[in-house]
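Keep the 3D view open as you read.

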Amino acid sequence: MRRRTALLVAAALVATVTPAAVAATSTKPTYDVTIRMTEYGIPHIEAKDWGSLGFGYAHALAQETICTLADTYTTVRGQRSKYFGPDASYVFRGNGYTVNNLSSDFFFQQIIDDRRIEKLLAQKAPLGPKTEVRQAITGYVAGYNDYLRSVGGSNGVPDPTCRGKDWVTAITEIDAYRRFYQLALLASSGVAINGIGAAQPPTPSLPIPTLDTKQVATALGQELKGLAIGSNAVALGASATANGHGLLLGNPHFPWLGSERFYQAHLTIPGTLDVAGGALLGVPVVLIGHTAHLAWSHTVSTAYRFTPFQETLVPGSPTTYLYDGKPQAMSSRTVMVKALVGGKLETRTRTLYSTIHGSIFDNLVGIPLPWTPAVAFALGDANAPNFRYLNHFFEVDQAQSAAEVLTVLKRNQGIPWVNTLAADDQGNVLYADISVTPHVTDAQVQSCGTALGQVTFAALRLPVLDGSRSACEWGSDPDSLQKGTFGPSHMPFTLRKDYVTNSNDSYWLSNPKAPLEGFARIIGDERTERTTRTRSGLVMVEQGLAKGGTFTRQKLQDLLFSDRQYSGELTRDDVVTMCRAFPGGYAPSASGPVAVGKACDVLAKWDVRDQLSSRGALLYRRFWSRATAVPVAVGATTQQKVLWLVPFDASDPVNTPRSLNILNPLVWKAFGDALNDLSGAHIPVDAPLGQYQADLRPDGTRSALHGGPGPLGVFNALAVAWDPVKGYVGPLAHGSSYIQVVQFTGSGCPDTRTILTYSQSTNPTSPHFADQTKLFSASKWVTDHFCRDDVLRATVSTERLRG
């Protein structure tokens, strides 16, 4: 409870107080925490212990995000159908996957009925949470519930979005851990929730569906690519910085909407913890941030966290499968949930099935993998037993060097789906993809991959393994903490003094001077074409270091907000040449010839950036989006042969492919279609980007945005969908989110700038709903206050909580 004097407590309870109650009210409070707010609603939470830290963090977080948090806890409790109806759906923003409410409820209720979270919590560390983790979570839950009580329950929450809603309730510790588990599964079972929650044995009377392996592989490739949420990180070491200390850019491209937003905070337990940065909603620990001498960030890794197992079924018994020639009955569990239908609650029941490999599912990211009388698919999920990631982040939040981060990675082996990049005060930098990955070697795929698995592995690196043979189970390494996963000795990492970078391609070119090679393909590809965003980052870093150059904090900030359009740098001149060569000044398009007009001159004058004032950026984006949208089927001619004259060369990976093939008729047509796109939206070809690219929120708040699509090579990546009427105006799905540039100076007080692009609050009535978004629009930054004296000077309000 909030701080109250003993007199007020006594006055309120005088009629019913007992001697035992008097003794209880005179004891010290369990939690004691001070929250100092600095500008833009950033809390600096100073607590006496881990429980108090969680208590204060939950208070600060709930004040700004209570509706999103309550919605998330409704999801992991398996209650979406109860409150929102069984036929509705939601987007799991962390992976972009649209999930049906009823399937989601069956999925999470099965986890609840299985007591899976309780079993994970029963393990001792490092497999289960450490003592300080448990204490912080206990405090977090108490703080969340205390906040809700302090405002009078759901009827008093400040956000009108969920005020008075009956799904805004107190939470339990298991609810909090269920949220953590949801995040652990984000890149594995999280992309098969519909397929797991809806999978049912085949109906004998229905036709047996066929499985075209190439079509499935092509469709999976397109869907998995579409779900990818990107990030950039650059860690610069002693030889790359002006002062010889470490310097880091963290630039995750995470959702602007929903529960996978970041919340920015500074957490302190004197003598134990002092860390600042961002955390995903509902996670009371910094996930991307800095301490006095260490900064780190994460990028989504290319490694797969799951493999489908193709089960061979016993004829006439679709819930019995063969394992080493012997029939095995599938495990089954009948799951019941409540559903709101026609204003009344009814019980919905479904029986879900699993094998020794995992849950039976019938589609992956929406692509059917049908359960037939002959085969079924089970999802092997490497993150299913993983609560180690909580220990990892609590330990990194106390680390002070890149080498210490590497030790934590190897000790816990709990990172669920990201790369780690770090820089420290001594000028060391780290890249590591030591993350939870199924132990499937390339050789094992050759012997154990099914017909579908051979195609998906060749095209996507995703194995589909033969579930009928014990020889096809995942392997292990001597240093694997979790059976069935690769140990650190077989995962890529490098500790250096110059630089490392990652933009969601594999580990291979974390530093082009020392490529990392020789790892299993399920982790990532090697000696293959990199995305234009990866190439853009490498080019900008190398240009900054050319001729003995070094980086400062400001120079690294400018690298990101330069908004360079690398695809444009590669092709703009070729496009202008093509434009000026169109016969009679008309470009072909799907609807017939379209007059080019002044488009050629506009592109020639374009600054090749995606800044608010950039004229020609809109035209080029529509052109390049169309030119690269030609679908490429498995086994078909590759896109680079369509677009590029100089193909990819593994000996020159940063600079190839290049030279646009302007004689290709598909490229010509893409230009004409782009002109029609702008004309249809009534957008002039020379309109500045800022007029037609903006974040538009439901309450009407509009913020012009600089930056652009990552696939076009824009480092400051934004995923604003094209609206044929408005242009690039609408709710931003994901993009640059919690950005930090941390420069160490040797003083213990890092020189840091941050920006939380979408701002701290999800409450449209909060002053912190869009205040940082306006800063971001103007390419401005927030000065980070870390050392105590600086925090005290910057404090605008102070609140002490006891409870």
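This is a predicted model: local features need pLDDT of at least 70, side-chain atom pairs count only at pLDDT 80 or more; totals for chains, interfaces and linings use all residues.

A disulfide is a covalent bond between the sulfur atoms of two cysteines. Searching the whole structure turns up four disulfides. How are they paired? Count the bonded cysteines along the chain, and the pattern reads 1-2, 3-4, 5-6, 7-8. Three of these links are described here, among the four found.

Take Cys448 and Cys472. Their sulfur atoms sit 2.2 Å apart, and the two residues form a disulfide. The angle about the S-S bond is -85°, and the link of Cys448 and Cys472 is left-handed. This pair joins distant parts of the chain, 24 residues apart. Cys448 belongs to helix H13, which covers residues 442-448. Cys472 is in the loop between strand E22 (465-466) and strand E23 (493-496). Are these two cysteines buried or exposed? Cys448 has a relative accessible area of 2%, so it is buried. Cys472 has a relative accessibility of 0%, so it counts as buried too.

Now move to Cys579 and Cys600. They form a disulfide with sulfur atoms 1.9 Å apart. The S-S torsion of Cys579 and Cys600 is about -80°, so this disulfide is left-handed. Here the bond runs from helix to helix: Cys579 is in helix H17 (residues 566-580), and Cys600 is in helix H18 (residues 599-605). The two cysteines are 21 residues apart, and the pair links distant parts of the chain. Both Cys579 and Cys600 are buried.

Next come Cys749 and Cys787. Their sulfur atoms are 2.0 Å apart in a disulfide. The value about the S-S bond is -105°, and the link of Cys749 and Cys787 is left-handed. Cys749 lies in the loop between strand E33 (738-743) and strand E34 (751-756). Cys787 lies in the loop between strand E35 (782-783) and helix H24 (788-794). The pair therefore ties together parts that are 38 residues apart in sequence. How accessible are these cysteines? Cys749 has a relative accessible area of 35%, so it is partly exposed.

Leave the cysteines and look at a serine. Ser297 is in strand E10, residues 294-300. Its relative accessible area is 0%, so Ser297 is buried. What is Ser297 in contact with, leaving aside its neighbours within four places in sequence? Its contacts include Ala233, Leu248, Gly250, Asn251 and Pro252. Ser297 is also in contact with Ile288, and with Asn419, Thr420 and Leu421.

Turn to helix H8, residues 173-184. The 12 residues of H8 reach 17 Å from first C-alpha to last, close to the expected 16 Å. Of those 12 residues, 11 are buried, so H8 is largely enclosed by the rest of the structure. Among the buried residues of H8 are Asp175, Arg178, Arg179 and Gln182. Tyr177, Phe180 and Tyr181 in H8 are buried too.

Now for the backbone. Look for cis peptide bonds. One runs from Ala125 to Pro126, with omega near 10°. Pro126 is in the loop between helix H6 (116-121) and helix H7 (131-150). Another cis bond joins Thr656 and Pro657, with omega about 0°. Pro657 is in the loop between strand E27 (644-646) and strand E28 (658-660).

Finish with positive phi. Asp324 is not a glycine, yet its phi is positive, about 55°. Asp324 sits in the loop between strand E12 (317-323) and strand E13 (326-329). Its relative accessible area is 43%, so Asp324 is partly exposed. Ser759 is not a glycine either, and its phi is positive at about 80°. Ser759 lies in the loop between E34 and helix H23 (771-777). The relative accessible area of Ser759 is 0%, so this residue is buried.

Definitions and conventions
Residues are numbered from 1 along each chain as its sequence is written. Side-chain values use heavy atoms; hydrogens and water are left out. A disulfide is a pair of cysteine sulfur atoms within 2.5 Å. Helices (H or I, at least four residues) and strands (E, at least two) are DSSP runs, numbered from the N terminus. Buried means under 20% relative accessible area, exposed over 50%, partly exposed in between (1.4 Å probe, protein chains only). Contact means heavy atoms within 4.5 Å. The expected span of a helix is 1.5 Å times one less than its number of residues.
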